Amino acid sequence: MAFKSILAILALSAVLQSVEGAITRRIACPDGNIASNAACCPLFAIRDDIQENLFDGGECGEEVHESLRLTFHDAIGIGSRGGGGADGSIITFETQELTYHANNGLDEIIDRQKPFIAKHNITAGDFIQFAGAVGVSNCPGAPRLDFFLGRPTAAAAAPDLTVPEPFDTVDNILARFADAGGFSPEEVVALLASHTIVASDHVDPTLEGVPFDSTPSTFDTQFFVETQLRGTLFPGTGGNQGEVESPLAGEMRLQSDSELARDSRTACEWQSFVNNQAKLQSAFKAAMRKMTILGHNISQLTDCSELIPTPKALTKIATFPAGLTNADVEQACASTPFPSLSTDPGPVTSVAPV
Ligand code: HEM
Ligand SMILES: *[C@@H]1O[C@H](CO)[C@@H](O)[C@H](O)[C@H]1NC(C)=O
Ligand SMILES: *[C@@H]1O[C@H](CO)[C@@H](O)[C@H](O)[C@H]1NC(C)=O
């Protein structure tokens, strides 16, 4: 009996210890939220504010697309030319960095983001990446991105020519990503999954809100399907630098995406994303984790990923747009045939502007 009580007491203290262990890893924030680290506490209010007042109540719209593009243009500013990576320099030193050709159009989202940075106690570098991760969570099918906190204010502007242009060669694009952060060709392809949520305003100056795939509000694999189809038309005028023909009225194709889809170094990886939502999510998440902390030592940042909402799942499988079939695929991967997909029913449609 005494022995049994001792056993019971030992078992109870083990339970208490594990409860206590769990409690010490949860912090009650001043606003009543629960966080794993006190440093993450201010992010709850920032998240709620931007969901409501920057992303129109949690939509996957223009501000989300532009915020994701901004995460890239800030982070890639690093490498042999100089630059501090994901440090917010694109906002802190906007008067310089916005004169760079590749940053055309980013003034709009920077003007939208600046009041939130001024209102909350957060650096521009942290805010850019936090807004990107929260924003992407509004897009059905997206992975739940990580977010690390703790980027100091940038000390200097990034130099010009760190951001790849759509008219750059595949050689130069792959070399730039390798120089910026040791990205492999596979990681470059994974990052370009971002082009599944695009509405271009600046490649063709006569058009606004032109998608790169037929589903610009969902984080799906249609971008990888449609970039492999034979280009037949321009959505607006021809002759824009960095633009090539697309397969669908209303859809835009970048020269860089077209060439990466057809280059022997990247074509099979490109095709591997077709109808593979699980790979799209895991590869994009991993590559984004690497890109968003460029210039920083991860062990000196705080993991606040728990603040990022879980995106809605997507069940639709990839298809060929109405009127197009496997015969329209420009097969570029030599080792694996293009996945067989069904064709959307109905007459040939065009992609509506966003
Ligand atoms: C080879 C590398 C890349 C090139 C050449 C490139 C080029 C472009 C261009 C020309 C646009 C259209 C901008 C406009 O007309 O408004 C665009 C849009 C966009 N890019 Fe990229 N990009 C690249 C990589 C990336 C990466 C790595 C990301 C993010 C991880 C990204 C995210 C976006 C997003 C979200 C948009 C849509 C912006 C909007 O709808 O306003 N891009 N990109
Ligand atoms: C702002 O954030 C910094 C770093 O996270 C912190 O040290 C500081 O106390 C904060 N200031 C206010 C006014 O909350
Ligand atoms: C990263 O930070 C950790 C902890 O502060 C340190 O031990 C490590 O040397 C740093 N790594 C680099 C590459 O600076």
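Predicted model: local features only at pLDDT ≥ 70, side-chain atom pairs only at ≥ 80, totals over all residues.
Residues are numbered from 1 along each chain as its sequence is written, while chains are lettered from A and ligands numbered from 1 in the order in which they are written.

For S200, an N or O atom in the side chain is 2.7 Å from a ligand oxygen.

## The shell around ligand 1

Ligand 1 has 25 residues around it, of which H195, A199, S200, D201 and H202 come nearest; a residue is near a molecule if one of its heavy atoms lies within 4 Å of it. By class, this shell holds 15 nonpolar, six polar and four charged residues. Here Ala, Val, Leu, Ile, Met, Phe, Trp, Tyr, Cys and Pro count as nonpolar, Asp, Glu, Lys and Arg as charged, and the others, Gly among them, as polar.

The space taken by ligand 1 is the largest pocket. Helices are DSSP runs (H or I, at least four residues), as are strands (E, at least two), numbered from the N terminus.

## Pockets

A pocket is an open set of points on a 1 Å grid over the protein atoms alone, where a 1.4 Å probe fits, with protein on both sides within 12 Å along at least five of seven lines; lining residues have an atom within 4 Å of a point. The largest pocket contains about 980 Å³ of space. Among its 43 lining residues, R69, H73, H195, F212 and L254 are the closest to its centre. The lining comprises 24 nonpolar, 13 polar and six charged residues, and α3 gives the most to it, with eight residues.

The second largest pocket holds about 270 Å³. It is lined by 16 residues, with L161, T162, V163, D168 and R176 the closest to its centre. Seven of the lining residues are nonpolar, three polar and six charged.

## Ligand 3

N297, S299 and Q300 are the residues around ligand 3. An N or O atom in the side chain of N297 lies 2.3 Å from an oxygen of this ligand, and the corresponding distance for the side chain of S299 is 2.9 Å. A polar side-chain atom of Q300 is 3.1 Å from a ligand 3 oxygen.

## UniProt annotations

An unreviewed UniProt entry lists D74, G85, D87 and S89 under "binding site". These residues are spread over 16 residues of sequence but cluster in space, with a largest C-alpha distance of 8.2 Å. D87 lies in the loop between α3 and α4 (89-92).

The unreviewed entry also assigns "domain: Plant heme peroxidase family profile" to residues 68-337; such annotations may be inferred rather than shown by experiment. Over that range the chain is 35% helix and 3% strand, and the end C-alpha atoms are 32 Å apart.

How values were computed:
Heavy atoms only, no water. Polar contact = N/O pair within 3.5 Å; in protein donor to acceptor, adjacent residues only side chain to side chain. Sits in = over half its atoms within 2 Å of the grid points. Points joined across faces, edges and corners; volume = space filled by probe spheres on them.
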